[in-house]
Amino acid sequence: MRLSWCLKCATKRVQKLIGNDERNIVKLDRISLHVKAGGGGNGLLRYDGVGGSGGNIYFTCVPDMPFQQIKKNLNGRFRIAAEYGTSSQKLKLVGQNGKHAVLNIPLGIDVVHKESGDVLHKCNKMYQRYLIAKGGAGGNYKNNYKGESGEELNILLHLKLRPNIGLVGLPNAGKSTILQAFIPKKSVKIAAYPFTTLKPQLGFWKADDDDKTSAEPFVLSLADLPGLIDGAADNRGRGHEFMKHLEYADILLIVVDCTGFQMGDPFENPWRSPLECVGILNAELENYLKRLVKKPCVVVLNKTDLVEKQEVEDLKAKLSTKGWHKYLPEALQPKIPIQFDAVTTSSAKFGKIDKLKEELIRVYKSVHFDTGECIDFENYESKEKRHI
Ligand SMILES: Nc1nc2c(ncn2[C@@H]2O[C@H](COP(=O)(O)OP(=O)(O)OP(=O)(O)O)[C@@H](O)[C@H]2O)c(=O)[nH]1
């Protein structure tokens with residue numbers, strides 16, 4: 001019962017988040033807002049009257065709210081203001097406080113100060129009220145009975161997706177092809193050149209297609225992100241914009257091209273072996289956010305049709321060891337090597353993803369059965385590993 005609730009809520013939350021966009025391409029993942037808290041009312045010096053305080057601006061996380069809804073709720077104004085406090089009067093010495101303004105937002109929004117870039121709040125607790133701008137104090141003896149101004153600032157709301165499975169890989173590894181193989185009806189942009197995927201794409205995979213006995217549909221969401229490059233954690237290739245969507249993913253799926261990777265001109269950039277690709281991706285993930293390398297993680301060696309079977313087996317064996325990173329040159333070794341929950345293979349172009357499907361279901365279910373309820377992935381620490 002609990003498990004089915006988990007699965008249902010995990011799927012629902014992404015479906016609701018992205019609204020009705022048919023192709024499920026995330027078109028809008030940030031909103032710029034001007035917020036102004038109310039100013040305090042003036043006091044009355046002669047009678048020691050105190051002005052009312054200005055209203056605060058709060059954001060509250062609510063369930064099942066699409067990100068686009070924020071825009072609709074604001075009626076395209078992109079400005080929120082709270083009420084001013086009223087001034088003290090002879091007949092009403094204590095002024096009335098201004099009303100607070102509360103904006104409902106979906107879970108997983110980062111509130112960022114537009115000018116400084118500081119993250120003011122990570123809004124990831126349901127029904128929690130986050131104070132965004134404080135109203136000014138009413139006039140009183142401390143401020144010479146002059147009402148104070150409320151805080152006023154420009155902010156950015158950053159949406160972070162909450163997929164069950166987040167696909168990570170270097171460009172051209174075959175992420176979109178994998179997504180297409182999982183969800184054949186979905187139209188995904190695929191091409192034989194890097195950076196075909198420019199925006200995150202979400203797909204919903206009915207994972208229990210063969211299981212006619214299950215009462216609840218078992219649907220997992222997959223997010224295909226644009227390819228990461230060396231230095232993505234330092235925002236090269238707009239890395240931050242995409243990596244933020246991995247923060248709340250339940251499972252990371254590292255997609256590696258079995259034939260390796262060549263970035264641009266071979267005279268300028270060295271060819272990277274598949275193992276080196278894993279090392280680069282591991283390093284990028286840990287550099288961006290250490291918590292990411294603690295998440296459940298599956299590696300899939302894609303394009304197995306292009307290399308010898310033995311080569312794939314050797315690679316799989318290496319990655320399945322605890323010290324897989326030791327096979328890499330020192331400069332490419334990640335500081336915190338990920339201990340993979342599964343290493344598997346696929347040939348997505350030819351629809352061969354059965355082993356990958358099995359492993360993903362196994363890892364997903366094992367994680368959920370461990371806790372018996374919706375897992376708190378922010379504090380998740382796998383049993384046998386991950387000493388950070
Ligand atoms: N031979 C073979 N080719 C594949 C396989 N999977 C993907 N490809 C090809 O690899 C190329 C890149 O595939 P994409 O799915 O666009 O790769 P991507 O990782 O999404 O690329 P970016 O958008 O750059 O991140 C395409 O030409 C695919 O047809 C596979 O299993 N075997």
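Why does Trp-271 count as exposed? I looked this up before anything else. Trp-271 has 11 C-beta neighbours inside 10 Å, and therefore counts as exposed. The scale I used calls a residue buried if 20 or more other C-beta atoms lie within 10 Å of its own, exposed if 12 or fewer, and partly exposed in between, with C-beta atoms placed from the backbone.

**Entry: conventions**

I am working with a predicted model, in which local features need pLDDT of at least 70 and side-chain atom pairs count only at pLDDT 80 or more, while totals for chains, interfaces and linings use all residues. Residues are numbered from 1 along each chain as its sequence is written.

**Entry: Trp-271, continued**

I placed Trp-271 in strand E14, residues 271-272. Strands (E, at least two residues) and helices (H or I, at least four) are DSSP runs, numbered from the N terminus. I then listed what Trp-271 touches, leaving out residues up to four places away in sequence: Gly-260, Gln-262 and Pro-266. Contact here is defined as C-beta atoms, placed from the backbone, within 7 Å. I also checked Thr-259, which is twelve residues from Trp-271 in sequence and 10.0 Å from Trp-271 in space, C-alpha to C-alpha.

**Entry: whole chain**

I counted seven helices and 16 strands in the chain. Of the 388 residues, 45% are buried. I took the contacts between residues at least 6 apart in sequence and found that 72% of them join residues at least 24 apart.

**Entry: six-strand sheet**

I traced an open sheet of six strands, in the order E10-E11-E9-E12-E15-E16, with mixed pairing. Strands E10 (201-206) and E16 (342-345) are at the edges with a single partner strand each, so one side of each has no neighbour in the sheet. Neighbouring strands are turned by 25 degrees against each other on average, direction ignored. For pairing, DSSP must find at least two bridges between two strands. Angles run from 0 to 180 degrees between N-to-C directions, and axes are lines fitted to C-alpha atoms, for helices over the stretch in contact.

Inside this sheet I looked at E9 (residues 165-169) and E12 (residues 251-257), which run parallel and are joined by five bridges. Ile-165 is opposite Ile-251 in E12. I also noted helix H3 (residues 175-182), which lies across E9, E10, E11, E12 and E15 and runs at about 155 degrees to E11.

**Entry: nonpolar cores**

Which residues touch the most other members of the largest nonpolar core? I found Leu-167, Val-168, Ile-251, Leu-253, Ile-254, Val-298 and Val-299, in a core of 60 residues. Helix H5 (residues 274-288) gives the most to this core, with seven residues. A nonpolar core is a set of buried Ala, Val, Leu, Ile, Met, Phe, Trp, Tyr and Cys residues joined through C-beta atoms within 7 Å.

**Entry: five-strand sheet**

I traced another open sheet, of five strands, in the order E3-E1-E8-E5-E6, again with mixed pairing. E3 and E6 (119-123) are the edge strands, each pairing on one side only.

I went through the pairings of E1 (residues 30-36). Seven bridges join E1 to E8 (residues 152-159), and the two run antiparallel. Ser-32 has Leu-156 in E8 as bridge partner, and Val-35 has Leu-153. E1 and E3 (residues 79-81) run parallel, with three bridges. Here His-34 stands opposite Arg-79 in E3.

**Entry: positive phi**

Most residues other than glycine have a negative phi. I noted two residues that depart from this. Tyr-127 has a positive phi of about 65 degrees although it is not a glycine. Tyr-127 sits in the loop between E6 and E7 (129-133). Lys-303, also not a glycine, has a positive phi of about 65 degrees. I found Lys-303 in the loop between E15 and helix H6 (309-319).

Buried or exposed: which is Tyr-127, and which is Lys-303? Tyr-127 is exposed, because 9 other C-beta atoms lie within 10 Å. Lys-303 is buried, because 24 other C-beta atoms lie within 10 Å.

Definitions and conventions: Two residues are in contact if their C-beta atoms, placed from the backbone, lie within 7 Å.
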